[in-house]
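Welcome! Take a moment with the picture below, and then let us walk through it together.

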Amino acid sequence: MTATRRPLAHTLLALLCLALVPHSGEAQGVEDHPMVILGGVPFSLTLSGVPGAETAYEIRTAAGSVLTSGTVPAGGLATVQGIEVGSRRDLPLTVVVGEAQEALSAPFAPGWYSILPPLIAILMALVFREVV
């Protein structure tokens, strides 16, 4: 019975090792993006390229107008800063990195929403007369 268990253990170990090896085909694309896009507030995206060659990228609105473009270094990351979306109609953004295309759809909120957390904290401090 140990003879049949040994090949099974070797097969499982080999499959586990293959699962842990990173695949180069899934290297290009969006690595990091904001959870919420605020209208009129600039944000950044982190893009990854393919190993071995610089990769061109392009970020477009839903209407197809290009927000920004450039290149990602070979096998590296590029942080694209200063991307600004004016309205909900511009979403979802289309991010093209090399041959890969990805739709970036994050919830949209007006820019003035960013002032709400400090206003709520001030209001709570006044109501409860306690500052943390």
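Predicted model: local features only at pLDDT ≥ 70, side-chain atom pairs only at ≥ 80, totals over all residues.

## The three-stranded sheet

Let us begin with an open sheet of 3 strands, ordered E1-E3-E6 and paired in the antiparallel sense. Strand E1 (29-32) and strand E6 (77-83) are at its edges; each has a single partner strand, so one side of each has no neighbour in the sheet. On average, neighbouring strands of this sheet are turned by 40 degrees against each other, direction ignored.

Strand E3 covers residues 43-48 and pairs with E6 in the antiparallel sense over 5 bridges. E1 and E3, which also run antiparallel, are joined by 3 bridges. Which residue of E3 does Val30 stand opposite? Val30 faces Leu47 there. On the E6 side, Leu47 has Ala78 as its bridge partner. Another opposing pair is Phe43 and Ile83, the latter in E6.

Is E3 mostly covered or mostly open? E3 is mostly covered, with 5 of its 6 residues buried.

## The four-stranded sheet

Next comes an open sheet of 4 strands in the order E5-E4-E7-E8, with antiparallel pairing. Its edge strands are E5 (66-72) and E8 (100-104), each of which pairs on one side only. From one strand to the next, the twist averages 15 degrees.

Within this sheet, strand E4 (residues 55-60) pairs with E5 in the antiparallel sense over 6 bridges. Glu58 has Ser69 as its bridge partner in E5.

## A closer look at Thr55

Thr55 has its place in strand E4. Is Thr55 buried or exposed? Its relative accessible area is 5%, which is under the 20% cut-off, so Thr55 counts as buried. A polar atom of the Thr55 side chain lies 3.3 Å from the backbone nitrogen of Val50. Leaving aside residues up to four places away in sequence, Thr55 touches Gln28, Gly49, Val50, Gly70, Thr71, Val72, Val97 and Gly98.

## Two side-chain pairings

How many salt bridges does the structure hold? There is 1 salt bridge. In it, the side chains of Arg60 and Glu58 meet at 2.7 Å, N to O. In general, side chains of opposite charge can pair when their charged atoms come close.

The structure also holds 1 aromatic pair. Trp112 and Tyr113 form this pair edge-to-face, at 4.6 Å centre to centre and with 75 degrees between the planes.

How accessible are the residues in these two pairings? The table sets them out.

| Residue | Relative accessibility | Class |
|---|---|---|
| Arg60 | 27% | partly exposed |
| Glu58 | 24% | partly exposed |
| Trp112 | 55% | exposed |
| Tyr113 | 37% | partly exposed |

A residue counts as exposed over 50% relative accessible area.

Notes. Residues numbered from 1 in each chain as written. Heavy atoms only, no water. Pairing = 2+ DSSP bridges. Helix = DSSP H or I, 4+ residues; strand = E, 2+ residues; numbered from the N terminus. Axes fitted to C-alpha atoms, helices over the stretch in contact; angles between N-to-C directions. Buried < 20%, exposed > 50% of the residue type's maximum accessible area, 1.4 Å probe, protein only. Salt bridge = Lys/Arg side-chain N within 4 Å of Asp/Glu carboxyl O. Polar contact = N/O pair within 3.5 Å; in protein donor to acceptor, adjacent residues only side chain to side chain. Contact = heavy atoms within 4.5 Å. Phe/Tyr/Trp six-rings, centres within 6.5 Å; stacked < 30°, edge-to-face > 60°.
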